[in-house]
Amino acid sequence: MVRGVVVVSGTGTEVGKTVVTAGLAACALRAGLRVAVLKPAQTGVREGEPGDVAEVRRLAGSEVTGVELGRFPDPLAPATAARRAGLPYVTPRQVAEAAGKLAAGHDLVLVEGAGGLLVRFDGDGGTLADAAGMLAAPVVVVAEAGLGTLNATALTAEALRGRGLACAGVVIGCWPSEPGLAERCNVAELGVVAGAPLGGVVPSGVGGLASGAFRRAAPGWFVRGLGGAAGAFG
């Protein structure tokens, strides 16, 4: 089971990062770990509306400590959304400091990004990759299953290597119930283009499960090193 601070990023937006984060949190809770989830910048959600942290806690369990650093109503990159709202940016330094504080009281801190690895958080061009570098944290890359995913995953992995960051694994965030040729071939190719293990496959629709069912099923979606049970995928 992974421990410490782990960053969860995607090859883009709407690839399943929140469900993957919830799945990893559920696996950690099952292993008896104290878990926190940090969302540096929640965009596209107004005050009073549930965001990604609330969704992780709904699926994985209320035992998860949830922290959100900034919330911006427009569904845009964090830097752009903050600027349009007239609100302070969330900087990589703030993300690293918040994760460090949470790590002092938890066994696992999952930092869920917004969009992809290099989406801008502030006016200076700071990104999630910068925060991961300050933390020396491994990154779980959440990827799509279908056409185009190999290029996007390879680019993300190259960006990680260029910054000296470790890829803890690639997870397919939404596996279709009826995969086509591209999806079936990509399962074998994703780990190759990423230069990192395929860490799991999360079935489509599991975000609609009740918490108990979600927590019971989650270990079957990941390889053992990411929290999966013996005999899990991989």
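Predicted model: local features only at pLDDT ≥ 70, side-chain atom pairs only at ≥ 80, totals over all residues.
Tutor: Residues are numbered from 1 along each chain as its sequence is written, and side-chain values use heavy atoms, with hydrogens and water left out.

Student: How do you know that β5 and β6 pair?

Tutor: Strands pair if DSSP finds at least two bridges between them. Strand β5 (residues 139–143) and strand β6 (residues 167–175) are joined by five bridges and run parallel, so they meet the rule. Among the residues involved, Ala143 stands opposite Ile172 in β6. The names come from DSSP runs numbered from the N terminus: helices are H or I with at least four residues, strands are E with at least two.

Student: What makes the crossover from β5 to β6 right-handed?

Tutor: A crossover is right-handed if, with the strands pointing away from the viewer, the path from the first strand over the helix to the second runs clockwise. Here the chain goes from β5 through helix α6 (residues 149–162) to β6, and this β-α-β crossover is right-handed. The unit made by β6, helix α7 (residues 181–194) and β7 is right-handed too.

Student: Why are β3 and β7 called edge strands?

Tutor: The open sheet has seven strands in the order β3-β2-β4-β1-β5-β6-β7. Strands β3 (65–72) and β7 each pair on one side only.

Student: What makes a pocket a pocket, and which residues are closest to the centre of the largest one?

Tutor: On a 1 Å grid over the protein atoms alone, a pocket is an open set of points where a 1.4 Å probe fits, with protein on both sides within 12 Å along at least five of seven lines. Lining residues have an atom within 4 Å of a point. The largest pocket is lined by 21 residues, and the closest to its centre are Thr13, Glu14, Lys17, Asp52 and Gly115. Elements giving two or more residues to this lining are α1 (17–30), β2 (35–43) and β4 (108–116).
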